[in-house]
Structures are given as structure tokens and as C-alpha cells.
Amino acid sequence: MKRGKQYFLPIIMFLIFEAAAVTLWLTKNNLFYLFNFSYIGFSVSLGIFLMMKKYRHARRIVQLLVGSYMLVYLGLIQKENMQIEGFWYYLFTGVFEAATIHYAVAKIFGPLLFGRGWCGYACWTAMVLDFLPYKTPSHPRRKIGWIRYITFAASLIFVSALFLFKVGNIERIMFRAFIIGNIAYYAVGIILAFAFKDNRAFCKYICPVTVFLKPMSRFALFRIKCDKEKCVSCGKCSRICPMDVDVTDNSLKRKNGTECILCMECVKNCPKNAL
Ligand code: SF4
Ligand code: SF4
Ligand code: SF4
């Protein structure tokens with residue numbers, strides 16, 4: 001690959017984030033947005049560059065840069081609840097700030113473009129779960145994905161109740177909910193990973209955010225496709241996939257198609273460069 005081409009995609013990606021950074025900085029008159037989106041844009045662009053250089057830990061580096069920034073800086077230091085209950089909270093107060101912007105970009109409209117890239121490259125829950133030993137599932141998927149609708153409804157009912165009963169000091173409750181929610185997510189995620197021998201069990205069965213992510217990512221512009229001319233049906237891509245996606249099927253109905261986190265493990269391991 002020519003040197004110029006190696007830099008083209010990361011630079012374009014950085015400029016897209018910079019455009020969002022400057023637009024939000026000027027329209028919201030808040031310098032934070034300039035810093036926030038510049039940092040995330042830099043992290044994503046660095047990851048793309050490292051991927052193009054075939055550096056094997058590129059995804060993990062982006063995940064750690066973005067995930068820890070959101071968890072530690074935005075969540076714990078700035079006290080912004082970026083979990084799903086934070087989204088409901090800002091939505092009910094009618095404020096297009098913090099969690100509502102984050103959800104709109106990363107989890108509701110963004111997936112129409114980049115699918116579940118959030119889950120592969122930025123989520124701070126998966127950032128920890130991906131350190132666990134079960135990188136590829138050893139058992140078929142269980143039929144308990146319905147649990148996600150219960151956790152989704154529970155988050156909505158929790159925040160609705162705070163407003164309905166006019167509970168005071170909701171900001172403080174939201175911060176506490178962020179801490180308790182994260183501890184619960186990590187605890188359940190780690191227990192499930194060991195119980196099911198699958199690092200991503202939490203993502204597959206429990207995570208409430210997937211109620212947004214799955215339908216929106218079905219029509220993602222960026223999705224991995226299989227060149228049928230090159231594919232020899234060796235099945236290696238299926239065996240290595242952490243999310244049980246049948247990536248050899250190019251149709252919108254591909255098995256677990258809305259679960260792809262764009263980790264690129266199938267692409268890296270295909271012996272025929274068919275993906
Ligand atoms: S499914 Fe949920 S926990 Fe898993 S990576 Fe996506 S947002 Fe994070
Ligand atoms: S790993 Fe490549 S060649 Fe093998 S089944 Fe998957 S796409 Fe086809
Ligand atoms: S291995 Fe391929 S199909 Fe599976 S989640 Fe990663 S990118 Fe998607």
C-alpha cells in the first residue's frame with residue numbers, strides 16, 4: 001500500500017470527528033465538545049492507522065483509550081451518567097447534552113453507518129470483559145436474549161419513577177446509579193463469562209443497549225461481506241467469531257447479523273482473503 005493511502009482513511013476519520021467537535025463547540029458554546037470529539041476522533045483514527053499497519057492489538061488500544069476515557073473522565077470525574085438510565089434522564093429533561101448526544105451518535109443513528117462499532121471499539125463494559133479468557137464461545141447460543149428487554153424496561157421504569165414521584169436531587173441519584181450500575185454490569189458480565197465460557201455473554205443476553213443497537217445495525221452501511229468466488233467454506237470465520245455471526249452469508253438475514261461488533265477477527269483469519 002502506498003504511504004499516502006495509509007494515512008488517507010485515518011485523516012478522513014479524524015476530520016469527520018473534528019467537524020462534529022467544532023460544530024458542537026460553536027453551537028453549544030461549550031469548549032468541552034471540542035476536546036471530547038477531538039480526543040475520540042484521534043483515538044479512532046489511531047486505531048484505523050494501526051489496523052492498516054496490521055498491528056494485532058489495534059482494536060484493544062482504541063477500546064482502552066475511548067472506554068477508559070468515558071468511564072473514568074466522563075463518568076467518575078465529570079459525573080455524567082452515560083449509561084442507559086442517563087440517556088432516559090436527559091431525554092425526559094429535554095436536554096440534548098451528554099448521554100443524549102452520546103446515544104444519538106454511538107448507539108441510535110451511528111449504527112446505521114458503522115453498525116456495532118461501539119461494541120467493538122469503545123464500550124467500557126466490554127473493555128474489561130475482553131480481558132477474560134473465553135474469546136470465542138465454545139457452546140451454541142442460548143435462547144435467553146429476551147433478558148435484554150427486561151433490563152431495558154427496568155432502566156426506563158427506574159428513571160420514569162424518579163420523575164413521576166418527583167424525587168429530589170435526581171442528579172446525585174443518577175451519579176450513584178452510574179456507579180452501582182457499572183459495578184453490577186461488571187459483576188454479572190464476569191460471572192456470566194465464566195459460567196458460559198464466553199466473554200461476550202453479557203452482550204448477547206443482558207445488555208439493554210442492544211435493544212437500540214440491534215435493529216439500527218441491521219441496515220449498517222459498513223458491514224463485512226464475503227467474496228463467494230474466493231471462499232472455500234472452511235468455516236474458520238465462524239469458529240473464530242466471538243458473536244456467532246455467519247459472515248459468509250451476505251444477505252440482511254445472515255445469522256446473528258445484528259451482533260457483529262466489527263472486531264475483524266474473521267477478516268484477519270480468513271485463509272483466502274475472502275472477507
Ligand atoms: S452489547 Fe452492551 S455491553 Fe456489550 S459492548 Fe455493546 S454496549 Fe457494551
Ligand atoms: S474463513 Fe474465509 S474461506 Fe473460510 S469460510 Fe470464512 S470466508 Fe470462507
Ligand atoms: S469475527 Fe467478524 S463477523 Fe464476527 S463479530 Fe468480528 S467482525 Fe463481526
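Okay, let me start with ligand 3. There are 14 residues around it, and the ones that come nearest are C241, V245, C260, C263 and C266. Bear in mind that what we're looking at is a predicted model. What is the shell around ligand 3 made of, by class? It's 13 nonpolar residues, no polar ones and one charged.

Next, ligand 1. Around this one we find C119, C123, T125 and A126, then F202, C203, C207, V209 and T210. Which helices supply at least two residues each to that shell? Those would be α8, running 124–129, and α11, at 201–205. By class, the shell around ligand 1 comes out as seven nonpolar and two polar residues, with no charged ones.

Now let's zoom out to the domains. The protein chain splits into domain 1, covering 82–217, and domain 2, covering 224–275. Their centres, taken over C-alpha atoms, are 26 Å apart. How many residues are in contact between the two? On the domain 1 side it's 13, and they meet ten from domain 2.

Looking at the side of domain 1 that touches domain 2, α7 (117–121) and α12 (210–217) each put in at least two residues.

Terms used:
Residues numbered from 1 in each chain as written. Chains lettered and ligands numbered in written order. Predicted model: local features only at pLDDT ≥ 70, side-chain atom pairs only at ≥ 80, totals over all residues. Domains from an automatic or database assignment. Contact = placed C-beta atoms within 7 Å. Helix = DSSP H or I, 4+ residues; strand = E, 2+ residues; numbered from the N terminus. Near = placed C-beta within 6 Å. Nonpolar A, V, L, I, M, F, W, Y, C, P; charged D, E, K, R; others polar.
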